Amino acid sequence: MMRESAMNRSVVINREYASGGREVGRLVAEAAGVEYYDTKILHEAALRQEYSEEMLATFDEQFIGGGFFDFALIGGDPELAALPYRIHGAITEVVVEVAKRGPAVFIGRCADQMLRDADLPMRSVFLYSSDMQRRIQRAVQIDGVQPKHAEGYIAKMDRARRRYQQFFTDTKFGDLNSYDLCLNSAEISYAECAKAILATCA
């Protein structure tokens, strides 16, 4: 059954680390009265498949560290090499099923490509911030990163998201041609970003 919503399509927010993507996504979901999926995607995938939530959380962590790329790209155990694709497939099932019920907000995880492949209506958004000091402040406040390590941590997280996207899709993280809407949260407030997104989905 389709859900009634103020949006006519799902929204996928890809974002630089510490640019406020989760907060903007929550604002969009609350204003439109739709479901919000971030780590919830992993939870749903774990419930539907044979994977534990701990395994899916490790999947995320290993992608940040690059471990799964080693498994998939250098060969070795075929089962181990296939694991990233199997987990990604489980996440894809969740994203597509949710979007078929009605519009929702998804944070990252290549959900825009999943919905595009399923021919489901969606708006692909990229959120970034041109203010590195503000990003550092968020990394310290939200994730407890030590200030002296924050800039390096930000770069690490952005590299992980870039690798993830390039690994599973033919698109490049941050490439303007890959998104419908790009917003700079250093110049536009989170509330204004949410309003801009909603305006494209009415």
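Is Tyr 17 buried or exposed, and what is its relative accessible area? In this predicted model, where local features need pLDDT of at least 70, side-chain atom pairs count only at pLDDT 80 or more, and totals for chains, interfaces and linings use all residues, Tyr 17 is buried, with a relative accessible area of 6% (buried means under 20%, exposed over 50%, and partly exposed in between, with a 1.4 Å probe and protein chains only). Residues are numbered from 1 along each chain as its sequence is written, and side-chain values use heavy atoms, with hydrogens and water left out.

**View 1. Tyr 17 and Tyr 153 form an edge-to-face aromatic pair.** The whole structure holds nine aromatic pairs (rings of Phe, Tyr and Trp, the last by its six-membered ring, pair if their centres lie within 6.5 Å, and planes under 30 degrees apart count as stacked, over 60 as edge-to-face and the rest as tilted). For Tyr 17 and Tyr 153 the distance is 5.5 Å centre to centre, with 75° between the planes. The pair links distant parts of the chain, 136 residues apart, with Tyr 17 in the loop between strand 1 (10-15) and helix 1 (21-32) and Tyr 153 in helix 8 (residues 150-168); helices (H or I, at least four residues) and strands (E, at least two) are DSSP runs, numbered from the N terminus. Tyr 153 is partly exposed, with a relative accessible area of 26%.

**View 2. Tyr 85 and Phe 168 form an edge-to-face pair.** Their ring centres are 6.2 Å apart and their planes stand at 85°. This pair too links distant parts of the chain, since Tyr 85 is in helix 5 (residues 78-101) and Phe 168 in helix 8, 83 residues apart. Tyr 85 is partly exposed, at 44% relative accessible area, whereas Phe 168 is buried, at 15%. Together with Tyr 164 and Phe 167, Tyr 85 and Phe 168 form one aromatic cluster.

**View 3. Lys 40 lies over the face of Tyr 37.** The distance from the ring centre is 4.6 Å (a charge sits over a ring if NZ of Lys or CZ of Arg is within 6 Å of the ring centre and within 35 degrees of the ring normal).

**View 4. The largest cavity is lined by residues including Cys 110, Asp 112 and Arg 116.** On a 1 Å grid over the protein atoms alone, a cavity is a set of points where a 1.4 Å probe fits but cannot get out, and lining residues have an atom within 4 Å of a point. Helix 6 (residues 111-117) gives the most to this lining, with three residues.

Definitions and conventions:
On a 1 Å grid over the protein atoms alone, a cavity is a set of points where a 1.4 Å probe fits but cannot get out, and a pocket is an open set with protein on both sides within 12 Å along at least five of seven lines; lining residues have an atom within 4 Å of a point.
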